[in-house]
Amino acid sequence: MRRHELSNCEWEFVRLLLPVSLRGRKRMDDRSILNGIVWKFRTGTVWRDVPERYGPWATLPARSRRWATDGTFDRTLRATQATRRSGGPGVAL
């Protein structure tokens, strides 16, 4: 695990909250994309400067917008907050 990437525990928590792709075409790995989005916001860089290991730079803002628009990020935040309030291990996103 690299410095700005989700741990296995964090990924397992978030993975269940991500939407399932209903398109016929296989899309980029959600974990790589999410790690790229997290990397971008934790470092403060521009999308084009996110390392290529996270996927094509244009995919990152597109997926970020989609997940923001469809409520994925809001659901993840609410689930994390609920887990913290209940005394669970939570996720440090």
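Q: What is the relative accessible area of R27?
A: This is a predicted model, in which local features need pLDDT of at least 70 and side-chain atom pairs count only at pLDDT 80 or more, while totals for chains, interfaces and linings use all residues. Residues are numbered from 1 along each chain as its sequence is written, and side-chain values use heavy atoms, with hydrogens and water left out. A residue is buried under 20% relative accessible area, exposed over 50%, and partly exposed in between (1.4 Å probe, protein chains only). R27 counts as partly exposed, because its relative accessible area is 25%.

Q: Which residue meets the side chain of R27 in a salt bridge at 2.8 Å?
A: Side chains of opposite charge can pair when their charged atoms come close. A salt bridge requires a side-chain nitrogen of Lys or Arg within 4 Å of a carboxyl oxygen of Asp or Glu. At 2.8 Å, N to O, the side chain of R27 meets that of D30.

Q: Which residue is linked with R27 and D30 in a network of salt bridges?
A: The structure holds 4 salt bridges. R27 and D30 form one of them. The network that links R27 and D30 also includes R63.

Q: How many residues apart in sequence are the parts tied together by R53 and E5?
A: R53 forms a salt bridge with E5, and their closest N and O atoms are 3.8 Å apart. Because R53 lies in the loop between α2 (30–43) and α3 and E5 in the segment before α1, the pair ties together parts whose separation in sequence is 48 residues.

Q: Which helix holds both R15 and E12?
A: The closest N and O atoms of R15 and E12 are 2.9 Å apart, in a salt bridge. An α-helix has 3.6 residues a turn, so residues three or four places apart point the same way. R15 and E12 are 3 residues apart, about one turn, and both lie in helix α1.

Q: What is the angle between the ring planes of W39 and Y54?
A: Rings of Phe, Tyr and Trp (its six-membered ring) pair if their centres lie within 6.5 Å; planes under 30 degrees apart count as stacked, over 60 as edge-to-face and the rest as tilted. The structure holds 3 aromatic pairs. W39 and Y54 form a tilted pair, 6.5 Å centre to centre, with an angle between the planes of 40 degrees.

Note on methods. Helices (H or I, at least four residues) and strands (E, at least two) are DSSP runs, numbered from the N terminus.
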